[in-house]
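Here are my notes on this model, as promised. Have a look at the fold before you read on.

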Amino acid sequence: MTLTPLASNNAVDDDPRRYEHLSTIRLEDPEAVARAAKSRRRHPGLKSGRQNFIVAADHPARGALAVGGDPVAMADRRQLLDRLQIALANPAVDGVLASPDIMDDLLLLGALDGKLVFGSMNRGGLSGLVNEFDDRFTGHTAAALEALGADGGKMLTRICLGDPDTVVTLEATARAIDSLAERKLIAMVEPFLSVRENGRVRNDLSTNAVIKSIAIAEGLGSTSAYTWMKLPVVAEMERVMAATTMPTVLLGGDPDGTQDEVFATWQAALALPGVQGLTVGRTLLYPSDGDVAGAVATAASLLHHTTEIPEN
């Protein structure tokens with residue numbers, strides 16, 4: 001069966017059977033995922049001077065389905081795949097960060113040709129879970145990412161000084177970094193200093209807290225040769241970026257301000273040394289005006305490209 005990616009437009013196909021073929025393939029030919037991964041065309045390679053644009057789609061695997069005021073915005077897998085294909089169809093989008101289930105869907109859809117591929121490794125710290133800081137590695141492994149021909153793996157690293165489970169997450173993160181480095185794969189580490197307030201986890205987005213989280217995270221593992229940082233855009237980003245020499249991508253999160261305000265903060269941060277690009281999900285996949293293609297195009301226009309990627 002030949003699978004064609006969705007066209008780059010904002011039309012919503014409301015046919016409830018539009019992804020039924022994915023279920024059929026999984027039922028009758030599960031090895032098709034591995035074949036699709038093996039046959040896909042790889043990204044031409046990372047270059048200094050060319051910022052990358054990666055779309056994130058690993059939130060549902062942690063039970064985080066909310067966007068803005070909608071608590072189940074990301075619950076409909078068909079709509080999520082529609083939106084991801086619209087985003088990935090833009091040639092300025094370099095790749096995807098996804099949990100295994102979504103990654104496999106996109107491989108079967110042929111949507112990852114020529115793209116960077118990052119797998120989501122730890123999804124065990126479920127949103128609202130009583131032991132949320134015990135963020136176990138329940139997603140991609142380094143071995144699985146190598147088999148998929150992926151470029152690396154991402155790990156959320158929340159550091160709560162008042163919770164003993166933090167040390168377990170730090171140790172697991174260090175092992176994952178080493179396992180990826182052994183395979184020459186990128187470890188995309190997303191650190192936060194976090195606290196639990198009224199039963200909910202809150203990330204401290206003050207400048208000093210982000211800087212401290214970087215200092216802890218970049219020291220994990222026996223080598224930092226393949227480690228990247230994935231950081232929020234906060235106040236005094238110049239000080240934040242002065243805290244690391246590692247390639248850094250900016251995350252989007254669930255924004256509080258208007259879309260224009262968010263884009264303006266990204267634009268300023270993207271101009272700083274060491275910033276390698278954007279790794280953004282909900283902000284672009286579920287924009288307030290519903291225009292996924294427009295939001296992706298606007299974000300892409302913010303990136304700095306002084307080096308051209310050679311044609312294959």
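1. Which side chains meet in a salt bridge at 3.6 Å, N to O? The pair is R123 and D58. A salt bridge here is a side-chain nitrogen of Lys or Arg within 4 Å of a carboxyl oxygen of Asp or Glu. R123 sits in the loop between β3 (116-120) and α5 (142-148) and D58 in the loop between β1 (52-57) and α3 (77-88), so the pair ties together parts that are 65 residues apart in sequence. For the element names, helices (H or I, at least four residues) and strands (E, at least two) are DSSP runs, numbered from the N terminus.

2. Before going further, some housekeeping. This is a predicted model, where local features need pLDDT of at least 70, side-chain atom pairs count only at pLDDT 80 or more, and totals for chains, interfaces and linings use all residues. Residues are numbered from 1 along each chain as its sequence is written, and side-chain values use heavy atoms, with hydrogens and water left out.

3. Back to that pair: R123 is buried at 5% relative accessible area, and D58 is buried too, at 3%. Buried means under 20% relative accessible area, exposed over 50%, and partly exposed in between (1.4 Å probe, protein chains only).

4. E190 and K230 also form a salt bridge, at 3.1 Å from N to O. This one links distant parts of the chain, with E190 in strand β5 (residues 186-197) and K230 in strand β7 (residues 227-232), 40 residues apart. Both partners are buried. The two pairs belong together: D58, R123, K154, E190 and K230 are linked in a network of salt bridges.

5. How many salt bridges does the structure hold? The count is 19.

6. On to helix packing. Helix α2 (residues 32-39) packs against helix α4 (residues 100-108) at about 70°, their axes 9 Å apart. Axes are lines fitted to C-alpha atoms, for helices over the stretch in contact, and angles run from 0 to 180 degrees between N-to-C directions. That makes α2 and α4 roughly perpendicular to each other; the cut-offs are under 35 degrees for roughly parallel, over 145 for roughly antiparallel, 65 to 115 for roughly perpendicular, and oblique for the rest. Contact (heavy atoms within 4.5 Å) is made by A32, V33, A36 and A37 of α2 and D104, L107 and L108 of α4. These residues divide into 6 nonpolar, no polar and 1 charged. For the classes, Ala, Val, Leu, Ile, Met, Phe, Trp, Tyr, Cys and Pro count as nonpolar, Asp, Glu, Lys and Arg as charged, and the others, Gly among them, as polar.

7. α4 also crosses α3, at roughly 60°, with the axes coming within 11 Å. α3 and α4 are therefore oblique to each other. From α3, R77, L80, L81, L84 and L88 meet D101, I102, D105 and L106 in α4. By class that contact has 6 nonpolar, no polar and 3 charged residues.

8. Last, two backbone spots to check. N198 has a positive phi of about 55° although it is not a glycine; N198 is in the loop between β5 and β6 (200-203) and is exposed at 83%. E236, also not a glycine, has a positive phi near 55°. E236 is in the loop between β7 and α8 (237-241) and is partly exposed, at 43% relative accessibility.
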